[in-house]
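Reader: Hi, could you walk me through this one slowly? I am still learning how to read a structure.
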Amino acid sequence: MDTRVSRTSASATTSHTSRLHSNRPENLTIDHSTQSSKQENEIALKTENLSKVFDSAAGKIVALDNINFAIKKGEFVSIVGPSGSGKSTLLNMIGALDRPTSGKVYIDGIDIFSLNDSQLGIIRNNRIGFIFQSFNLINRTTVQKNVKLPGIIAKMQRADADSRTMKILEALGIADKKDQKPVNLSGGQQQRVAIARSLINNPSIILADEPTGNLDTKTGEDVFDMLKLLSHKFKRTIIMVTHNPELSESTDRSIVIRDGRIDQDVTN
Ligand SMILES: Nc1ncnc2c1ncn2[C@@H]1O[C@H](COP(=O)(O)OP(=O)(O)OP(=O)(O)O)[C@@H](O)[C@H]1O
Ligand SMILES: [Mg+2]
């Protein structure tokens, strides 16, 4: 492993002007006309002095303290660090699930926290796919409907959503489970459904918070191999939190978080 110097400080300012013409996803437009460089266009995600402070009964908790990094399109990055170090908080910020106390997140050049809540919701639904440790599937409905739902929310035509759902389920080897309720599937199968759901809107970034945490070793490795395939064959940008050092070392890059700061940023 080579330890590399943090590569974010020099790119702390952006030349992009992000413009939102309306709430409709197809109209999310980035204006790259001002000095946009090739290097900036290869960046899927960038944070700038990202900080998050929680107010709790015990006082202020600094969960993230000036996080700076840039992740290239197609990179498979793992986030590791002790419990309570800020990994999930970081994923929640870059996934637009929560707003930071200060600092910025750029996704595809868009300064996402300059957007209002409904615009942020569109970014979250259309550009980011989420995979969680506990799968977070809707158990009262079928696998097929779980996968299709973010597409419907994104105003995809029903016929398109149906055919895309089936293609993804087939690609992930779970098409035969389409009419089952997730609760009746194994953990590995449920996580495949969650991966399928994360792909329905063709997101630029997939965020996975301990996706193998609830799975046995073999099933966890299968799920990990699937993420690796998505990254290397289908050029998805994937950011995965894990406590498993072997899985982390098998990703392109490991970012170690300690006490809300980047402790190491390593190319594997
Ligand atoms: N909503 C919240 N309100 C108050 N404090 C919070 C909140 N969310 C997280 N924290 C605190 O922020 C810190 C970072 O938490 P976070 O969940 O990001 O850690 P983590 O690295 O994901 O840990 P784990 O490996 O156990 O999942 C912890 O001290 C946690 O208690
Ligand atoms: Mg966590």
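Author: Gladly, and please keep in mind that this is a predicted model.

Reader: Which of them gives the largest share of the shell around ligand 1?
Author: That is α2, from which three residues of the shell come.

Reader: And which residues are around ligand 1?
Author: The residues there are Phe-54, Ser-56, Ile-61, Ala-63, Gly-81, Ser-83, Gly-84, Ser-85, Gly-86, Lys-87, Ser-88 and Thr-89. Sorted by class, the shell has eight polar residues, three nonpolar ones and one charged one.

Reader: Ok, new topic: which residues of helix α3 are buried?
Author: In α3, which spans residues 117-127, the buried ones are Ile-122, Ile-123, Asn-126 and Arg-127. They lie on the same side of α3, because the arc they cover around the axis is only 100°.

Reader: Last one: where is Asn-244, and why does it count as partly exposed?
Author: Asn-244 sits in the loop between β11 (237-241) and α8 (245-249). Asn-244 counts as partly exposed because it has 18 C-beta neighbours inside 10 Å, whereas a buried residue would need 20 or more.

Reader: And what is the separation between Asn-244 and Gly-213?
Author: Their C-alpha atoms are separated by 8.7 Å, although the two residues are 31 residues apart along the chain.

Terms used. Residues are numbered from 1 along each chain as its sequence is written. Chains are lettered from A and ligands numbered from 1 in the order in which they are written. This is a predicted model: local features need pLDDT of at least 70, side-chain atom pairs count only at pLDDT 80 or more; totals for chains, interfaces and linings use all residues. A residue is near a molecule or strand if its C-beta atom, placed from the backbone, lies within 6 Å of it. Helices (H or I, at least four residues) and strands (E, at least two) are DSSP runs, numbered from the N terminus. Ala, Val, Leu, Ile, Met, Phe, Trp, Tyr, Cys and Pro count as nonpolar, Asp, Glu, Lys and Arg as charged, and the others, Gly among them, as polar. A residue is buried if 20 or more other C-beta atoms lie within 10 Å of its own, exposed if 12 or fewer, and partly exposed in between; C-beta atoms are placed from the backbone. The arc is that of the directions from the helix axis to the C-beta atoms.
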